[in-house]
Amino acid sequence: MVESMSMIEWHDGDKTIGVDATDVLQQLLGGWNPPTVNELKVVLARRGRVAPPNNIETDEQFMQRLHACGMLAYRKID
């Protein structure tokens, strides 16, 4: 049985793929980005001009919000 994966496709065509939304976010840590998922989510929310993440929102829901505002293309892949 093949599990679905999660993927961000950036505007330049580059892709970040992981087992779920949290894994995708963890792959973006470091370098120019903050060192923790929570800090990264705050930065991405600012860049996407959406409300900051809250404590009850899952990483999946957060990524769906960024997708809805057009900041990135996020989807599940099989």
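Leaving aside neighbours within four places in sequence, I8 is in contact with D14, K15, T16, V24, L28, M63, L72, A73 and Y74, where contact means heavy atoms within 4.5 Å. This is a predicted model, in which local features need pLDDT of at least 70 and side-chain atom pairs count only at pLDDT 80 or more, whereas totals for chains, interfaces and linings use all residues. Residues are numbered from 1 along each chain as its sequence is written, and side-chain values use heavy atoms, with hydrogens and water left out.

**The nonpolar core**

I8 also belongs to the largest nonpolar core, which has 15 residues; those that touch the most other members are I8, L25, L44, F62, M63, L66 and Y74. A nonpolar core is a set of buried Ala, Val, Leu, Ile, Met, Phe, Trp, Tyr and Cys residues joined through side-chain atoms within 4.5 Å. Two or more residues of this core come from each of α1 (21-27), α2 (37-48) and α3 (59-68). The greatest contribution is that of α2, with four residues. Helices (H or I, at least four residues) and strands (E, at least two) are DSSP runs, numbered from the N terminus.

**Helix α3**

In α3, the buried residues are D59, F62, M63 and L66. They lie on the same side of α3, because they cover an arc of only 95° around the axis; the arc is that of the directions from the helix axis to the C-beta atoms. The elements that cover these buried residues include β1, α1, α2 and β3 (73-77). Just after α3, G70 takes a positive phi of about 90°.

K41 lies over the face of F62, at 5.5 Å from the ring centre. A charge sits over a ring if NZ of Lys or CZ of Arg is within 6 Å of the ring centre and within 35 degrees of the ring normal.

S6 is found in strand β1 (residues 5-9), while E57 lies in the loop between α2 and α3. Why do S6 and E57 count as buried? Buried means under 20% relative accessible area, exposed over 50% and partly exposed in between (1.4 Å probe, protein chains only). S6 counts as buried because its relative accessibility is 0%, and E57 because its relative accessible area is 14%.

Each side chain makes a polar contact, as tabulated below. A polar contact is a pair of N or O atoms within 3.5 Å; within protein, one must be able to donate a hydrogen and the other to accept it, and residues adjacent in sequence count only if both atoms are side-chain atoms.

| Side chain | Partner side chain | Distance |
|---|---|---|
| S6 | K76 | 3.2 Å |
| E57 | R65 | 2.6 Å |

Not counting residues up to four places away in sequence, E57 touches K41, F62 and R65.
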